[in-house]
Each structure stands twice: as C-alpha cells, then as structure tokens.
Amino acid sequence: MSQPSILFVCLGNICRSPLAEAALRAQSVAAGVAMTIDSAGTGNWHVGRPPDPRAQATAQRHGLDISRYRARQVVAEDFHRFGHVFALDQQNLKDLRRIEPSRHIAEVGLLMDLVPGRKGTAVIDPYYGDEEDFEQAWADVSMAAERLVQRYLR
C-alpha cells in the first residue's frame, strides 16, 4: 500500500486548512503513520502569505508552529497528486467539484464526514470571529485528523 496523501481545502488557505494540515501532521507523527499532507485554498487572495496570525496563535497554543506555511491555490494537478482532497465546508466542496478534472485519483469529500455525528457539517470559519472560533476550528480539524490517523493505523 502506498503512503496516504491528503490535501485540506478551505477558501483562502490561511485559517482552517493550515490548522487541519498542522493537526494531521502532528497526530500522524505521534502515531508513526507516514503521510503526505498539504493544504490549499479555492481562492487566490492570500497566495504566498503565511497563515492568519490568529491561526498561528491557535496552533502555537497546541504546541505547533505554522508560521512557515504559505497559502496556495488548489490546482487541477492536486487531484492527481493526492489520494484524498477534503473540503472544510460545503461551498468549498462545490468549488472543488467544479474544478476537478474528469479523470483523477483523488477521493473528494467533506472533512467532517469522517467524524461520527458530523456528516454534512462544516468546520467553522473563524476568519470573522474571535479566539473561541479559532479554538472551535482547531477542535473540529483535530477530531477529523484523529479519524484519519486511525484509518491508516489498521
């Protein structure tokens, strides 16, 4: 079996998806599960920029440094490079469906569908919120990361 490859996608790639990337990186390392992990946005407004300072602070509170992450926009090649492409909300899932190539290897879905009782729900978008919203986003992506690691420990 080849190494799992996972891409997290939100709107600007500065809040939710870098937090999801960081959560899965940390949990996969702790569990000893090798994975290729990245994040991207459907929009291009923040390309090349680091994560939102509030996302960085949230990750830091959980012992992770995401200051070197840089936003990028999802591209068609990602559907061939990654086995799983997870949208963090329904609108980004729709946007991914619109740009996905007709033939690709990626399984495309909603991230919170992995978490029992959360099917069809979004990871909260904390961009217009406060620290509590960023912590809720962290909790959501951490739960999903735990499910992903469990899937590949088998």
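Predicted model: local features only at pLDDT ≥ 70, side-chain atom pairs only at ≥ 80, totals over all residues.
Two strands count as paired if DSSP finds at least two bridges between them.

**Stop 1**

Select the four strands. They form an open sheet in the order S2-S1-S3-S4, and the pairing is parallel. Now look at the two edges. S2 (36–41) and S4 (107–110) stand there, each with a single partner strand, so one side of each has no neighbour in the sheet. Turn the view to follow the twist, which averages 20° from one strand to the next.

**Stop 2: S1 against S3**

Select residues 5–10 and 84–87. These are strands S1 and S3, which pair in the parallel sense over four bridges. Pick Val-9 in this pair; its bridge partner in S3 is Ala-87. Then pick Phe-8, which stands opposite Phe-86 in S3.

**Stop 3: both ways out of S3**

Show the side chains of S3. In a regular strand, side chains alternate between the two faces of the sheet. Which residues of S3 point one way, and which the other? His-84 and Phe-86 take one direction, Val-85 and Ala-87 the other. All four are buried, which means that each has under 20% relative accessible area.

**Stop 4: S3 against S4**

Move across to S4. S3 and S4 also pair in the parallel sense, over four bridges. Select His-84 and look for its bridge partner in S4: this is Glu-107.

**Stop 5: the helix on the sheet**

Return to S1 and S3, with their four bridges in the parallel sense.

**Stop 6: Thr-42**

Select Thr-42, in the loop between S2 and helix H2 (53–61). Is Thr-42 buried or exposed? Thr-42 is buried, with a relative accessible area of 16%. Now show what surrounds this residue. Leaving out residues up to four places away in sequence, Thr-42 touches Val-9, Cys-10 and Leu-11, then Gln-73 and Val-74, and also Asn-92, Asp-95 and Leu-96.

**Stop 7: two tyrosines**

The structure holds two aromatic pairs. Select Tyr-127 and Tyr-128 for one of them. Their ring centres lie 4.8 Å apart and their planes stand at 90°, so the pair is edge-to-face. Colour both by accessibility. Tyr-127 counts as partly exposed, at 31% relative accessibility. Tyr-128, at 77%, counts as exposed.

**Stop 8: the whole chain**

Zoom out and show the protein chain as a cartoon. How many helices and strands are there? The chain has five helices and four strands. Trace them along the sequence: the pattern reads β-α-β-α-α-β-α-β-α. The radius of gyration is 14 Å, close to the 15 Å that the globule rule gives for 154 residues, so the chain is as compact as a globular protein of that length. Along the principal axes, the C-alpha atoms fill a box of roughly 40 × 35 × 30 Å.

Finish with contacts and surface. Of the contacts between residues at least 6 apart in sequence, 69% join residues at least 24 apart. Buried residues make up 51% of the 154 residues.

Technical notes: Residues numbered from 1 in each chain as written. Heavy atoms only, no water. Axes fitted to C-alpha atoms, helices over the stretch in contact; angles between N-to-C directions. Rg over C-alpha atoms; globule rule 2.2 N^0.38 Å. Buried < 20%, exposed > 50% of the residue type's maximum accessible area, 1.4 Å probe, protein only. Contact = heavy atoms within 4.5 Å. Phe/Tyr/Trp six-rings, centres within 6.5 Å; stacked < 30°, edge-to-face > 60°.
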